[in-house]
Protein chains: 4
Amino acid sequence: MIFASDNWAGAAEPIVAALAEQARNGGPAYGGDALSKAVEARFCEIFEREVAVYFVGTGTAANALAIANYCRPGSIVFGHTQAHINVDEANGLEFLGGGVKVVGLDGEGGKLTPSTLLDGLAAFPERGFHHGQPVAVSLSQANELGQAYSPAEVAAVTEVAKDKGLAVHMDGARFAGAVAGLGVSPADVTWKAGVDVLSFGGTKNGCLAAEAVVFFNPAQARDFGFARQRIGHGFSKAWFIAAQFARYLEGDTWLALAGHANARARVLADAVRSGREARLALEPSANEVLAILTEGLDARLKAAGAIYYPWSPAGMPADALPGPGEVLVRFVTSFQTSEDEVARFAALVSGSTTP
Amino acid sequence: MIFASDNWAGAAEPIVAALAEQARNGGPAYGGDALSKAVEARFCEIFEREVAVYFVGTGTAANALAIANYCRPGSIVFGHTQAHINVDEANGLEFLGGGVKVVGLDGEGGKLTPSTLLDGLAAFPERGFHHGQPVAVSLSQANELGQAYSPAEVAAVTEVAKDKGLAVHMDGARFAGAVAGLGVSPADVTWKAGVDVLSFGGTKNGCLAAEAVVFFNPAQARDFGFARQRIGHGFSKAWFIAAQFARYLEGDTWLALAGHANARARVLADAVRSGREARLALEPSANEVLAILTEGLDARLKAAGAIYYPWSPAGMPADALPGPGEVLVRFVTSFQTSEDEVARFAALVSGSTTP
Amino acid sequence: MIFASDNWAGAAEPIVAALAEQARNGGPAYGGDALSKAVEARFCEIFEREVAVYFVGTGTAANALAIANYCRPGSIVFGHTQAHINVDEANGLEFLGGGVKVVGLDGEGGKLTPSTLLDGLAAFPERGFHHGQPVAVSLSQANELGQAYSPAEVAAVTEVAKDKGLAVHMDGARFAGAVAGLGVSPADVTWKAGVDVLSFGGTKNGCLAAEAVVFFNPAQARDFGFARQRIGHGFSKAWFIAAQFARYLEGDTWLALAGHANARARVLADAVRSGREARLALEPSANEVLAILTEGLDARLKAAGAIYYPWSPAGMPADALPGPGEVLVRFVTSFQTSEDEVARFAALVSGSTTP
Amino acid sequence: MIFASDNWAGAAEPIVAALAEQARNGGPAYGGDALSKAVEARFCEIFEREVAVYFVGTGTAANALAIANYCRPGSIVFGHTQAHINVDEANGLEFLGGGVKVVGLDGEGGKLTPSTLLDGLAAFPERGFHHGQPVAVSLSQANELGQAYSPAEVAAVTEVAKDKGLAVHMDGARFAGAVAGLGVSPADVTWKAGVDVLSFGGTKNGCLAAEAVVFFNPAQARDFGFARQRIGHGFSKAWFIAAQFARYLEGDTWLALAGHANARARVLADAVRSGREARLALEPSANEVLAILTEGLDARLKAAGAIYYPWSPAGMPADALPGPGEVLVRFVTSFQTSEDEVARFAALVSGSTTP
């Protein structure tokens with residue numbers, strides 16, 4: 001019962017096999033191989049337009065590099081208070097962007113809205129040299145609380161951003177989960193809704209280490225190759241990432257893997273919804289379930305071997321906060337989460353089983 | 001006949017197999033897995049002392065992070081003019097070290113000596129706030145010209161360095177090749193000779209992407225975890241690097257792979273030595289052969305499909321520089337270089353075959 | 001009636017005269033002059049201990065350099081939400097500290113307390129590589145809301161800081177005003193209360209451009225000369241700053257100038273306190289008066305030529321927030337504020353005069 | 001006999017008086033004062049076009065900020081080996097430009113030429129992500145060896161630069177001396193010859209601390225206000241710099257001051273030229289005299305109280321290098337150098353006086 005994070009999972013068998021096959025062959029270094037080029041073409045297909053694709057090793061690198069691409073002296077970047085860029089990347093963006101201030105904004109369910117962004121912008125008058133200059137906003141899709149933005153929700157935020165000259169970044173470490181959960185096209189929820197650059201994640205959804213920065217306007221990536229190289233995310237044997245993506249993006253593999261994880265999350269959510277000592281804090285859009293448990297149930301789940309983390313209530317609706325004797329927790333499923341795991345969990349939550 | 005670089009090779013079969021096996025299982029994220037800990041223990045064994053080991057994705061990251069660990073405001077770092085940190089890392093160290101000046105020093109065969117280091121230091125008086133402060137020196141082992149430092153040569157340079165308060169870094173992207181070529185113990189050529197921190201490379205010698213920063217004094221690594229995380233080299237599925245290293249370092253696998261590459265390089269060197277239109281620029285210590293070819297032979301080799309690069313003459317002895325109608329080139333072998341490849345090459349160089 | 005800021009004032013006559021006198025003479029560059037050394041000695045006297053003193057050109061440079069001196073990769077620095085480092089320095093600390101995250105904390109009257117600092121620290125577990133590492137806390141003395149910390153209040157915060165390994169910085173752009181207002185010794189309110197480094201300001205209190213970074217433990221300043229030089233705050237004609245400080249610190253000149261400003265602020269405060277359309281938001285400790293005005297009075301003051309700014313209510317006690325039809329404003333006095341200015345203001349506020 | 005540097009001098013009397021006068025008055029902070037605006041207008045007049053002017057405190061700040069304005073990830077900046085940016089600014093550019101590599105080029109007399117720049121560029125192929133990207137070249141006018149570029153010499157270098165997409169910076173810490181020495185118009189030797197941005201120095205030529213960054217295409221300065229503010233070179237009492245410049249640039253004051261220094265340098269040069277134990281290394285263009293002395297004369301000059309520094313021979317013509325028993329030295333005059341000083345020097349060098 002590992003619900004700690006989707007990055008505790010192994011890698012999906014077809015991806016492992018594809019990587020192993022390619023590993024024997026090698027190829028020209030630093031992305032000169034045919035597979036890397038084929039993957040870029042596949043990304044263009046998926047997003048229904050020309051895109052520029054840069055592989056990197058981790059989601060942290062993808063996010064920080066992607067946003068730093070738009071940074072200038074005194075940069076202000078907006079994101080949700082709970083955003084990965086704000087709390088989990090050891091000041092990666094602050095550093096790579098040359099001294100960025102990440103301004104955390106509130107928003108229910110971890111989602112930014114036009115009004116929260118406008119509120120954030122209000123503190124930064126144009127050419128207010130003392131305060132810094134807003135350059136970008138970042139949306140997590142799906143976000144750290146398991147919520148996905150609909151295309152209309154993305155567009156509403158990007159409209160404000162464009163009006164104020166901000167670049168729009170989407171943290172898609174869980175992009176597959178969001179797309180699968182929303183049932184929308186990748187294009188509709190990104191560039192067609194105003195997104196400039198996407199961190200497209202594979203690692204949390206069945207790859208070993210495969211992340212890509214996707215620029216929807218390739219000209220904006222002019223300096224990206226240099227920015228990536230100088231922090232060592234230009235891999236010599238780039239085909240080891242290409243091989244993972246090639247298989248991951250073959251047909252609908254990536255969406256099928258995410259769909260599996262999402263389905264397992266729905267089972268967890270149903271169990272929570274029906275439990276007497278548990279309730280849902282948010283209806284999940286993808287593979288993260290935010291739940292409120294009694295301390296008693298929390299202890300019993302852990303005693304039974306369930307692994308998961310408590311979670312910060314920032315950005316939760318007022319009616320979904322833990323009360324006395326309760327804890328807010330997050331359960332994350334993955335492509336590898338088994339029917340047995342969720343069944344055991346459900347039994348524990350429903351109370352029919354005592355560990 | 002691929003002699004362009006050792007990073008054009010695929011990965012060694014046992015390493016591929018080990019990675020594929022582990023990939024199915026996964027484990028706790030961010031290095032919490034058992035395999036990561038086992039690999040750290042194996043490093044301690046190999047180096048005959050307690051070391052702190054940090055995995056990263058590339059050699060560029062390993063070098064820049066390792067040296068930046070010792071940087072302070074106004075840092076001056078010394079390396080050979082041809083050093084990878086000086087010419088191939090897109091200002092990685094300059095950036096990660098917060099505005100470092102890398103001072104390239106000359107030295108025959110790409111090797112630094114005590115006197116070249118002392119010459120370099122002369123421009124930087126203590127507390128000379130205008131000029132910056134020397135903080136580190138970096139040695140490449142084996143270096144970009146295929147030469148390895150003996151333990152005594154390392155010690156001679158580090159003695160000067162220690163006297164001046166410099167940290168000593170060793171760029172061991174080709175460490176296995178150097179150790180195999182020198183026939184020395186890993187400890188003798190590193191910390192016992194005064195090295196503080198080592199970039200230990202696996203990628204060029206049979207891994208897919210496996211590099212480690214090894215601190216011989218673990219206390220010096222206090223901030224390294226943060227520095228690594230903020231540029232996204234803290235991998236969530238760190239076991240994908242651990243699995244490669246576990247197999248790479250099992251028994252003498254790493255040295256055997258390097259020994260293979262070195263042996264192939266010796267065949268190339270012999271061919272060059274005996275060719276009428278070719279001569280050795282430097283006697284190889286590991287898997288890189290610097291040679292001077294006539295333009296005619298150069299053209300014939302390329303026509304026959306050999307892939308390799310011309311090379312800069314900086315740091316070559318005066319009697320080993322190309323003359324009119326000649327070119328300096330570098331041939332690199334790998335664990336994967338076949339007997340057939342070197343035989344075809346030898347035949348072409350010896351003139352018995354016309355392409 | 002200029003109450004916009006104390007940096008709109010000219011310079012005090014004796015300081016102007018001393019600077020003009022020294023300006024004719026010049027001297028050895030970069031602080032080698034005798035006056036610079038004399039000023040350092042005077043600082044030691046004032047603080048009753050050996051200190052290391054570094055002149056810089058502005059308070060922003062003083063703050064950012066002083067705190068950056070303690071920064072390491074992934075640094076977290078705490079300050080009040082309204083602190084100058086957090087809102088007015090264009091990411092100076094974020095940049096100079098190599099990607100710092102400044103965490104703004106609340107606290108009534110713009111003052112940090114042990115409990116707010118502890119709350120802030122709670123999000124950063126030791127060796128939590130994802131989150132960054134707390135390295136310092138900064139207190140403004142007097143702060144942006146006109147409040148000064150008593151020695152005991154400083155000591156209470158620094159006790160928590162020391163316990164957690166944080167360096168303690170004091171932003172003393174208005175240090176003279178705080179010392180004059182509190183009636184304490186400079187030593188008591190700084191190093192004796194646990195402060196490590198002080199930005200000692202002269203500019204806002206009668207100098208033209210004279211700021212100093214004062215280290216109470218000189219050994220901590222090891223790299224400061226380099227850090228200052230590389231951003232161009234090592235002035236060649238350093239005696240132009242020394243000359244200002246020499247006169248500023250002669251006898252109690254600095255405290256007398258601040259005392260003047262504070263006294264004028266008290267007149268403003270009295271006027272506000274007694275006005276029917278105005279009330280004090282905070283009792284002033286030095287030369288800043290936070291007041292709540294009716295929109296009508298605000299308009300009349302401006303029409304009469306008073307210059308001042310509206311102010312953010314962050315960190316104000318609940319009973320001191322503007323209501324409907326009211327505005328929160330800040331009035332700042334200086335050594336140059338005249339009796340006539342404050343009298344005109346008082347008359348306007350008291351309602352006896354219509355503009 | 002102070003010939004150590006022009007920044008050992010005091011300030012010119014009219015400038016001191018103007019500063020003192022303005023100091024009493026003050027004005028709106030951060031450049032909102034009328035004098036600052038008047039100075040900007042005067043710069044437009046002097047350069048015969050619209051320019052954007054930003055005051056900063058030091059030449060180091062001016063240079064590093066001006067060039068960093070054009071930097072992008074992996075930046076390569078070219079300058080002469082002896083350039084101030086390369087040896088005297090404690091990695092200021094490397095830091096402010098976010099990890100810049102300053103590539104020092106040779107060139108006789110400290111001057112770059114089209115061919116040396118082309119040689120430097122050859123190592124950096126377009127989109128060569130490993131090597132970094134050239135972004136700018138910097139010319140010192142007059143340079144560290146006392147040489148000035150004619151408009152044609154500037155234009156020759158900038159033609160190469162423009163062709164390769166490089167911005168062109170001019171380090172004009174001694175711009176007045178160069179203009180006075182060359183007898184050209186400020187416009188001719190800057191933007192009309194292809195210069196994009198100029199560090200315009202006042203400090204070495206009679207001011208206390210007055211430097212300006214002048215953009216000839218104001219649109220290129222979009223982010224400069226933020227970049228300046230975050231390192232604390234946006235002065236609150238900016239009128240203290242404006243007052244110096246206002247007087248410095250009144251009529252031909254600046255050129256007259258420089259003319260005085262240049263004339264004194266010519267006297268020194270004549271003395272050297274005629275001395276039996278001395279010879280000119282380079283014919284001076286402005287106020288720096290590079291000379292070769294016998295060790296005996298060197299000792300006698302110092303014994304007589306002359307203050308000056310030995311100098312690096314990098315970039316000296318082959319026939320102007322010190323031989324055995326000789327030293328290369330630099331004498332610098334200033335607006336304040338007296339007739340008496342140079343006469344005493346001349347007497348010592350000509351041998352008619354023994355100290």
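What is the mean pLDDT of chain A, and what share of its residues reach 70 or more? The model is predicted, and in chain A the mean pLDDT is 95, with 99% of the residues reaching 70 or more. For the complex, the predictor reports an ipTM of 0.96 and a pTM of 0.97.

The size of an interface is often expressed as the accessible area that is lost when the parts come together. Chain B and chain A bury about 3,600 Å² between them, and carbon and sulfur atoms give 61% of this area. On the side of chain B, the residues B:Phe95, B:Arg230 and B:Lys237 supply 20% of the area buried against chain A, more than any other three residues. In terms of residues, 47 from chain A and 47 from chain B take part in the contact.

Two copies of a chain are related by a rotation about an axis together with a shift along that axis.

The area buried between chain A and chain D is about 1,900 Å², and 59% of it lies on carbon and sulfur atoms. Within chain A, the residues that lose the most area to chain D are A:Pro73, A:Phe129 and A:Phe226, which together account for 35% of what that side buries. Chain A is superposed on chain D by a rotation of 180° with 0.0 Å of shift along its axis, and the RMSD is 0.0 Å. Because 100% of the interface residues of chain A are also interface residues in chain D, the copies meet through the same surface.

Rolling a probe the size of a water molecule over the atoms shows where empty space remains. The count comes to twelve cavities of 30 Å³ or more. The largest cavity holds about 190 Å³ of space. It is lined by 20 residues, and those closest to its centre are A:Gly59, A:Thr60, A:Lys204, B:Tyr30 and B:Ser236. Helix α3 of chain A, residues 59-68, gives the most to this lining, with three residues. By class, the lining of the largest cavity consists of five nonpolar, ten polar and five charged residues.

Some features of the backbone were also noted. B:Tyr30, one of the residues closest to the centre of the largest cavity, has a positive phi of about 60° although it is not a glycine. B:Tyr30 is located in the loop between α1 (13-25) and α2 (34-47) of chain B. In chain B, the peptide bond from B:Gln141 to B:Ala142 is cis, with omega near -10°. B:Ala142 belongs to the loop between β4 (133-140) and α7 (151-163) of that chain. In chain C, C:Gln141 and C:Ala142 are joined by a cis peptide bond with an omega of about -15°. C:Ala142 lies in the loop between β4 (133-140) and α7 (151-163) of chain C.

Note on methods:
Residues are numbered from 1 along each chain as its sequence is written. Chains are lettered from A and ligands numbered from 1 in the order in which they are written. This is a predicted model: local features need pLDDT of at least 70, side-chain atom pairs count only at pLDDT 80 or more; totals for chains, interfaces and linings use all residues. Side-chain values use heavy atoms; hydrogens and water are left out. On a 1 Å grid over the protein atoms alone, a cavity is a set of points where a 1.4 Å probe fits but cannot get out, and a pocket is an open set with protein on both sides within 12 Å along at least five of seven lines; lining residues have an atom within 4 Å of a point. Grid points are joined across faces, edges and corners, and a volume is the space filled by probe spheres set on the points. Helices (H or I, at least four residues) and strands (E, at least two) are DSSP runs, numbered from the N terminus. Ala, Val, Leu, Ile, Met, Phe, Trp, Tyr, Cys and Pro count as nonpolar, Asp, Glu, Lys and Arg as charged, and the others, Gly among them, as polar. pLDDT is the predictor's confidence in each residue, from 0 to 100. Contact means heavy atoms within 4.5 Å. Buried area is the accessible area (1.4 Å probe) that two parts lose on being put together, summed over both. Copies are superposed by least squares on the C-alpha atoms of residues with pLDDT of at least 70 in both.
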